[in-house]
Amino acid sequence: MAESMRGLKRTCRCAELTTEHIGQTVTVMGWVQKSRNKGGIVFVDLRDRSGIIQLIFEESGVGAEGFGKAAKLRSEFVVAVTGEVCRRSGAVNENLKTGEIEVVAKEIRILSESETPPFPIEENSKTKDELRLKYRYLDLRRPDLQRNLMLRSQAAAVVRQFLAEEGFLEIETPFLNKSTPEGARDYLVPSRVHPGSFYALPQSPQLLKQLLMCSGYDRYYQIARCFRDEDLRADRQPEFTQIDMELSFVDEEDVMDVNERLLKKLFALVGVDVALPLPRITWQEAMDRFGSDKPDTRFGMELSDVTDIVKNCGFGVFTGAIENGGSVRGINAKGQGAMPRKKIDKLVDFAKTYGAKGLAYLSVNEDGTYKSSFAKFMSDEELAALVGAMGGEPGDLLLFAADKNKVVWDVLGNLRLELARNLELLDNNGYNFLWVTEFPLLEYNEELGRYQAMHHPFTMPMEEDLAYLETEPGRVRARAYDIVVNGIELGGGSVRIHQNDIQEKMFEALGFTKESAYAQFGFLLEAFKYGVPPHAGLAYGMDRLIMLMAKEDNIREVIAFPKVKDASCLMTEAPSEVELSQLEELGIAVVSEKESGEQENGGEKWL
């Protein structure tokens, strides 16, 4: 039977004890990590979020009843123990912060017993993710996860302190909003008091923080919960946290300056000194050099544009792509010229998953000759010029993609990352920061047959490009900026549109009529009639930030209760069915897919 802790107070956490406490009587409470009964003495490792302390139980110290309790301790029992801190009588444990000391028990109370856990509570668990997530409350007892969540708490405290000192106000925005489906899918919440109407959970506080700028609060921030109904990946969740900010009477330089200094403070928590100012490259340079707008600059293998060199060659794959308005680009895998054909074929298959029709290759042999998939279509002079343009040397492997620029960038950008992983070129101990600037304002969506905003519809075009907004919208650059670390987009922001005439032109470029723009964004456009300050902002993905700081590969490792790939929770079994009475209150009927199909055939489809 569990005992009461009445009359006992914890004096400190387990790993807060040091040699300075020797001779003091303390009370510690926590979970039994392991217990070893040596007959006349019981050794127990007691664990709490701070770490582990070794406890010693002898009958002469705790009495016959207390020794009996100690002898029955098992993994994950919760106990309270009072005893004297002593220097270890045995060997020092170099692996423990408290390895020089132990607590010799005088009293023990078993506060709660435990069944045998379904997996060991230990660092670097080899247990399958599905089992760990089903018993997440046990998984969260593991020291590495506890360190991650404590780091997350420390980071949030640093953000709040730093931004408060910079004059920011923390202001909460609502969860129940109007649906503005420009971007990812909204999570919808039915309204009971307005039958047939729905709220949307926020994908971000974007419009509301702009309204706060209209309201004169000039520096806002929020550690905001956001929701997006989209397919999950290793670095995405349906609900996530943003460090969100907006500033008035500023430009790009002001926003970047504040955030560079914030990043320096944050990464100091993990012993990383971020050198300022951070490097910057334009979106165009990032795409041309790395094939990505979130380039990993920890290694080279940059793209080379060889379009001009091969435009008149005899290889139809190259010339055909160029004639169709595309380009030919390549990467040089230094020292990989002897790569077996099987491995090259795997790279070809990998490239095809990103839209490539194929992948041309050329190996530079040690004797200066070439082995290639296309050499027979080119003269020796053309091949030599191509190898020279690629910086090719004996022993190198040159890989080429030919297609529209978007496809070529996507293929080679991902191929260089795949090669870097395979060749172990990534320095996992370093952090390469950079700003990517001057994104295209708009990108053409082939499926929709219209332009859409690369960031969002409220991003300010670069002033020198305004003249092209109506005539050549694809040419317009945005006053947008992303912060990238080791190939991961950590955050993004922009200067916002604050002039009505520019905002109207932006909506026109996106295919909105005046009526449809007001239907979705009328509350913002109305506010813009009453004096709008120039403003700009930025938002970080906090989960990604902590994932990087903690050197984890998956954001689930820095979130207390994450979802899995189908957006379900294995622990609570959410989402789940609800009572029929709840649906009736909301005026909602749920029909099967079969029934839905039958109704569609009858001229009406409803859910």
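These questions and answers go through a predicted model, from its overall build to single residues.

Residues are numbered from 1 along each chain as its sequence is written. In this predicted model, local features need pLDDT of at least 70, side-chain atom pairs count only at pLDDT 80 or more, and totals for chains, interfaces and linings use all residues, while side-chain values use heavy atoms, with hydrogens and water left out.

User: How many helices and strands does the protein have?
Analyst: Helices (H or I, at least four residues) and strands (E, at least two) are DSSP runs, numbered from the N terminus. The C-alpha trace spans about 95 × 75 × 60 Å along its principal axes. The protein has 17 helices and 22 strands.

User: What percentage of the 607 residues of the protein count as buried?
Analyst: Buried means under 20% relative accessible area, exposed over 50%, and partly exposed in between (1.4 Å probe, protein chains only). Of the 607 residues, the buried share is 46%.

User: What share of the contacts with a separation of 6 or more comes from residues 24 or more positions apart?
Analyst: Contact means heavy atoms within 4.5 Å. Among contacts with a separation of 6 or more, residues 24 or more positions apart account for 66%.

User: Which residues touch the most other members of the largest nonpolar core?
Analyst: A nonpolar core is a set of buried Ala, Val, Leu, Ile, Met, Phe, Trp, Tyr and Cys residues joined through side-chain atoms within 4.5 Å. The largest one holds 99 residues. The members that touch the most others are Met245, Leu266, Phe267, Leu399, Leu415, Leu419 and Tyr540.

User: Leaving aside neighbours within four places in sequence, which residues is Leu266 in contact with?
Analyst: Leu266 belongs to the largest nonpolar core. Apart from that core lies another, of 25 residues, among them Val32 and Ile101. Beyond its sequence neighbours within four places, Leu266 is in contact with Ala155, Val158, Val159, Leu545 and Met549.

User: Are H7 and H12 roughly parallel or roughly perpendicular to each other?
Analyst: Axes are lines fitted to C-alpha atoms, for helices over the stretch in contact, and angles run from 0 to 180 degrees between N-to-C directions. The axes of H7 (residues 283–290) and H12 (residues 405–422) come within 8 Å and cross at roughly 65°. Angles under 35 degrees count as roughly parallel, over 145 as roughly antiparallel, 65 to 115 as roughly perpendicular and the rest as oblique. H7 and H12 are therefore roughly perpendicular.

User: Which residues of H12 make the contact with H7?
Analyst: On the H7 side the contact uses Trp283, Gln284, Met287, Asp288 and Phe290. From H12 come Trp409, Gly413 and Arg416.

User: Where is Pro277, with its cis peptide bond from Leu276?
Analyst: The Leu276 to Pro277 bond has omega near 0°. Most peptide bonds are trans. Pro277 sits in the loop between helix H6 (252–268) and strand E11 (280–282).

User: Is Phe249 buried or exposed?
Analyst: Phe249 is not a glycine, but has a positive phi of about 60°. Its place is the loop between strand E10 (239–248) and H6. Because its relative accessibility is 63%, Phe249 counts as exposed.

User: How far apart in space are Asp427 and Pro190, C-alpha to C-alpha?
Analyst: Asp427 lies in the loop between H12 and strand E17 (433–437). In sequence, Asp427 and Pro190 are 237 residues apart. In space, the C-alpha to C-alpha distance is 48 Å.
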